Amino acid sequence: MDHYSVKMRAARVGEHISGAEKIVPAASVPKTVAQLAERALSHEKGTPDFINIKIEDPGEILRLESLSVTTNVTATASEGRARAAELLKAAGIIRIDEIMARFAECHAMRGAMLLDADTLERLEPDSVRGVRATYMDDADSLQKGTASGKNHYAEAIVLATKVQNAPGIVGEICVSDDPNYVTGYVATRGIGYQRITVLKEKGDPNGGRIFLYRGPRADVAKTIAFLEHQSVIVDHVPVLDTPLPSRRFAGLESDLAAISSAGLSRHCHALSSPTGPHASFQSKDPAIKQPNNFLLVLSSNDYLDLAGDARVIEAGAEGMRRWGAGSGGSRLTTGTQPPHTELEDHLARFKGTEAAIIFGTGYMANVGTITALVKKGDAILSDELNHASIIDGCRLSGADVIVYRHADLEDLSRKLASCREHRRRLVVSDAVFSMDGDLLDLPRFLEICRRHDAFSMIDEAHATGVVGKTGRGLAEHFGCEHPDITLGTLSKALGAEGGFVCGSQTLIDYLRNKARSFIFSTAPSGGVMAAADAALTVLEQEPERVARLRRNTELFVAELAKRGIAVRTDSAIVPVPVGDERRALEASARLREKGFLIPAIRYPTVARGSARLRCALMSAHTESELIAAAKAVAEVLSF
Ligand SMILES: *Cc1c(COP(=O)(O)O)cnc(C)c1O
């Protein structure tokens with residue numbers, strides 16, 4: 001025997017893992033077997049339970065010239081279908097949408113579906129098994145005597161070439177059944193192999209092969225015999241040596257198009273004014289009407305108007321002149337200067353804890369702290385409405401993340417009770433929930449954590465400077481102890497930039513040694529630290545700012561209530577529920593036209609269908625401004 005057909009199939013109970021076939025010279029059989037076994041054992045779908053390798057006489061071998069190959073770059077599935085329809089029309093195949101709908105029937109089939117190209121009747125004798133195109137290889141294997149180095153693109157071209165040479169076959173459509181793989185192809189002898197980069201929607205599990213037949217029913221058996229038994233070697237299969245060039249960007253473009261059509265597109269609107277309660281706004285977009293080019297800002301986290309405070313700015317500018325524009329290194333190398341350590345001491349005094357540590361941002365503080373404290377084998381209990389930076393820290397930690405219902409401390413307690421086997425338990429919650437404005441019940445939270453010997457951690461990003469008589473946060477508000485870990489940001493009420501954690505000396509020493517976002521990132525500049533320090537001093541010296549912020553919030557809520565809009569808050573965040581994403585966007589756009597900057601908050605920041613106008617108040621807003629804002633909100637929502 002000159003040649004052998006070598007086939008491999010690997011599977012786990014009931015699940016196909018991989019398969020391949022070769023036609024090779026007799027001398028190459030051992031090497032080919034080894035290569036196919038290797039391939040079966042290293043498949044990304046996992047290890048097989050059994051590998052079947054069959055070596056047999058291929059019979060008479062037919063040589064075929066490869067179909068030509070063309071790549072069609074499409075951005076969306078509908079564009080891909082339109083392209084496929086256009087290409088197949090030349091072969092008189094017109095019912096492409098109906099044909100592609102049949103992929104839903106392909107699920108359990110090992111082989112392809114054989115359809116009458118015109119009536120779309122199924123022609124396979126066994127409709128569960130389908131028709132298998134097999135006994136084929138590209139000429140490389142034959143010449144080099146090795147399993148070809150070409151990838152599965154080449155295998156698909158070999159298959160398509162054999163199929164298009166079968167008697168009666170006029171075309172083929174193929175899409176993967178992998179929901180994440182959206183590339184497919186259509187083929188005929190006339191158009192060749194036409195790869196279409198996006199031929200189905202991402203997430204669509206339907207796929208398979210459909211062979212299209214035209215001819216007498218009596219000849220179907222001949223077609224199937226050719227597909228299933230005739231050995232074929234394909235010459236001149238083009239090598240796809242670089243991965244498809246633009247598929248990766250076509251994928252991004254189609255994702256963006258989907259985001260946009262769902263009303264979820266995001267843009268940065270540049271304000272042309274310093275941070276503060278008022279903003280000017282110049283849009284290059286003529287569609288955005290801006291009669292007075294002046295906006296009242298009800299969306300800033302600069303709650304106490306400290307970002308624009310002359311003393312804070314001067315301290316920052318002086319700090320920058322003195323210490324440099326940047327810190328030049330990580331905190332553990334050259335990036336620690338007096339402003340860093342002074343601010344850490346100041347924060348610890350302000351919060352009433354033993355020590356504090358500063359991070360580049362609040363986001364980094366959450367990610368760094370959570371990943372330092374817990375890992376695989378530990379448990380994190382996290383409120384379902386916690387901030388994204390907490391969620392990311394949880395994910396990155398590798399610990400078991402157990403989400404409890406929002407503010408449901410009974411649920412927390414129950415879930416904690418089932419975590420006794422874990423090495424460590426960490427319970428983490430926003431102090432003020434950033435999209436709803438409600439407060440964590442800290443005394444009960446602490447009591448539950450203590451009972452289960454769990455670390456207690458709160459994120460006071462929206463609480464520092466806002467909650468408690470003098471803005472010291474939740475512990476001050478409730479008159480209770482501090483949790484083990486209190487996290488905050490310098491970038492909201494303190495008007496600067498950076499994140500921090502307050503707690504025991506042990507905790508802070510530990511984070512300095514273990515928190516990767518502290519260790520492996522450049523320290524914030526001494527100037528920014530000096531600005532934050534000055535802001536903290538202003539907050540301590542002028543607690544009336546906190547009181548004014550609270551009065552403003554109460555006034556705004558009362559003014560909304562007068563106009564039939566019932567909202568509640570325990571902080572300076574006032575969410576006005578809208579529901580529908582597009583309606584919220586529309587309301588926000590109208591408010592902007594009226595001179596109010598109030599953003600629409602949408603999925604994925606909040607759940608789908610719970611879009612809202614999120615108002616954030618400042619101590620610097622005046623009574624008349626807030627009355628006007630409440631009036632405007634009521635007006636835009638009455639449509
Ligand atoms: C804003 C925010 C953060 C992130 O703080 P940055 O300093 O802006 O990175 C973390 N947690 C919560 C609850 C926040 O609202």
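This is a predicted model: local features need pLDDT of at least 70, side-chain atom pairs count only at pLDDT 80 or more; totals for chains, interfaces and linings use all residues.
Tyr135 has a positive phi, near 60 degrees, although Tyr135 is not a glycine. You will find Tyr135 in the loop between strand S6 (113-116) and strand S7 (136-138).

Now let us step back to the whole chain. The domain assignment gives domain 1 (3-59), domain 2 (62-254), domain 3 (267-306 + 544-637) and domain 4 (310-541). Notice that domain 3 is written as two segments, 267-306 and 544-637, while domain 4 covers 310-541.

How do domain 3 and domain 4 meet? Their C-alpha centres lie 27 Å apart, and the contact draws 22 residues from domain 3 and 26 residues from domain 4. The size of an interface is often given as the accessible area lost when the parts come together. For domain 3 and domain 4 the buried area is about 1700 Å², with carbon and sulfur atoms giving 59% of this area. On the domain 3 side, Leu306, Val546 and Asp570 supply 31% of the area buried against domain 4, more than any other three residues.

Polar links cross this boundary too. Between domain 3 and domain 4 there are 11 residue pairs in polar contact, and the count of salt bridges is 1. Arg612 forms a salt bridge with Asp436, and their closest N and O atoms are 3.3 Å apart. If you want to trace the side of domain 3 that touches domain 4, the elements giving two or more residues are helix H18 (544-562), strand S22 (573-579) and strand S25 (611-616). H18 gives the most, with 5 residues. Sorted by type, the residues on this side of domain 3 are 10 nonpolar, 4 polar and 8 charged.

Finally, turn to the ligand. Of the 15 residues around the ligand, the ones that come nearest are Gly362, Asp459, His462, Thr489 and Lys492. Asp459 has a side-chain N or O atom 2.5 Å from a nitrogen atom of the ligand. Lys492 places a polar side-chain atom 2.6 Å from an oxygen atom of the ligand. His387 has a polar side-chain atom 3.4 Å from a ligand nitrogen.

Key. Residues are numbered from 1 along each chain as its sequence is written. Side-chain values use heavy atoms; hydrogens and water are left out. Domain bounds come from an automatic or database domain assignment. Contact means heavy atoms within 4.5 Å. Buried area is the accessible area (1.4 Å probe) that two parts lose on being put together, summed over both. A salt bridge is a side-chain nitrogen of Lys or Arg within 4 Å of a carboxyl oxygen of Asp or Glu. A polar contact is a pair of N or O atoms within 3.5 Å; within protein, one must be able to donate a hydrogen and the other to accept it, and residues adjacent in sequence count only if both atoms are side-chain atoms. Helices (H or I, at least four residues) and strands (E, at least two) are DSSP runs, numbered from the N terminus. Ala, Val, Leu, Ile, Met, Phe, Trp, Tyr, Cys and Pro count as nonpolar, Asp, Glu, Lys and Arg as charged, and the others, Gly among them, as polar. A residue is near a molecule or strand if one of its heavy atoms lies within 4 Å of it.
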